[in-house]
Amino acid sequence: MAEDSRNFTLKIITPDRVFFEDEVSMVEFNTVEGEVGIYREHIPMTMIVAPGILTITKDQEVSEAALHAGFAEVLPDQVTVLAEIIEWPDEIDVERAEESRSRAEERIREHAPGTDMRRAEMSLKRAVARIETVHK
């Protein structure tokens with residue numbers, strides 16, 4: 001099959017492995033400034049990744065993964081995501097994610113002295129991303 005000129009290279013790298021590397025037509029994910037969708041010829045930039053679902057569109061097929069934190073570099077013909085943690089749905093332990101969500105919600109609800117609210121909120125976002133990735 002001839003290479004589609006609307007595609008770009010997407011690389012997702014974690015400390016443990018190259019999670020994904022292929023030609024895609026679009027990638028979507030959360031940043032600290034909001035959700036982004038990137039196509040070929042996007043303006044160059046760097047972004048801080050926020051917890052959420054990363055969506056990859058390749059050959060009109062859509063794949064999703066739970067992305068937790070990291071950085072993204074966007075160039076006109078390549079996007080590189082350096083991810084702290086990213087998981088395909090079949091890699092997620094749903095029971096553990098549900099427990100993590102419950103603990104985070106409890107910490108937020110109680111707001112006890114000494115509770116790191118930012119950490120509790122991030123934990124909740126990561127758990128929700130995992131659960132939503134599996135249940136989509």
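Student: Of the contacts in the chain with a separation of 6 or more, what share comes from residues 24 or more positions apart?

Tutor: Contact here means heavy atoms within 4.5 Å. On that basis, residues 24 or more positions apart account for 50% of them. Before we go on: this is a predicted model, where local features need pLDDT of at least 70 and side-chain atom pairs count only at pLDDT 80 or more, while totals for chains, interfaces and linings use all residues. Residues are numbered from 1 along each chain as its sequence is written, and side-chain values use heavy atoms, with hydrogens and water left out.

Student: Which elements does the chain have, and in what order do they run?

Tutor: Helices (H or I, at least four residues) and strands (E, at least two) are DSSP runs, numbered from the N terminus. This chain has 2 helices and 8 strands. From the N terminus on, the order is β-β-β-β-β-β-β-β-α-α. The C-alpha trace spans about 55 × 30 × 25 Å along its principal axes.

Student: What does Phe29 touch?

Tutor: Leave out residues up to four places away in sequence, and the list is Gly34, Glu35, Val36, Ile38, Met47, Val49, Ile53, Leu54, Leu67 and Ala72.

Student: Leu54 is on that list. Is Leu54 buried or exposed?

Tutor: Leu54 counts as buried because its relative accessibility is 0%. You'll find Leu54 in strand E6. With neighbours within four places set aside, the contacts of Leu54 include Ile12, Val27, Phe29, Glu64 and Ile86. For a sequence-versus-space check, Leu54 and Ala129 are 75 residues apart along the chain, yet their C-alpha atoms are separated by 9.3 Å.

Student: And Glu64, a charged residue by name: why does Glu64 count as buried?

Tutor: Because its relative accessibility is 18%. Glu64 sits in strand E7. Beyond four places in sequence, Glu64 touches Ile53, Leu54, Thr55, Trp88, Pro89, Thr133 and Lys136.

Student: How do I read a helix pair?

Tutor: Two packed helices are described by the angle between their axes and the distance between the axes. The axes are lines fitted to C-alpha atoms, for helices over the stretch in contact, and angles run from 0 to 180 degrees between N-to-C directions. Here, H1 (residues 94-110) and H2 (residues 117-135) pack at about 150°, with axes 8 Å apart. The residues of this contact divide into 11 nonpolar, 3 polar and 7 charged. The classes go by residue type: Ala, Val, Leu, Ile, Met, Phe, Trp, Tyr, Cys and Pro are nonpolar, Asp, Glu, Lys and Arg are charged, and the others, Gly among them, are polar.

Student: How many residues does H2 have, and which of them are buried?

Tutor: H2 has 19 residues and reaches 27 Å from first C-alpha to last, close to the 27 Å expected at 1.5 Å a residue; that expected span is 1.5 Å times one less than the number of residues. Met117, Ala120, Ser123, Ala127, Ala129, Arg130, Ile131 and Thr133 are buried in H2. Those buried residues pack against strands E6 (52-58), E7 (61-75) and E8 (78-87) and against H1. Arg119 is also in H2, but it counts as exposed at 61% relative accessibility.

Student: Which loop holds Glu41, and what is its phi?

Tutor: Glu41 lies in the loop between strand E4 (34-38) and E5. Its phi is positive, about 70°, although Glu41 is not a glycine. Glu41 is exposed, with a relative accessible area of 55%. Asp59, in the loop between E6 and E7, has a positive phi of about 50° and is not a glycine either. At 45% relative accessibility, Asp59 counts as partly exposed.

Methods. Buried means under 20% relative accessible area, exposed over 50%, partly exposed in between (1.4 Å probe, protein chains only).
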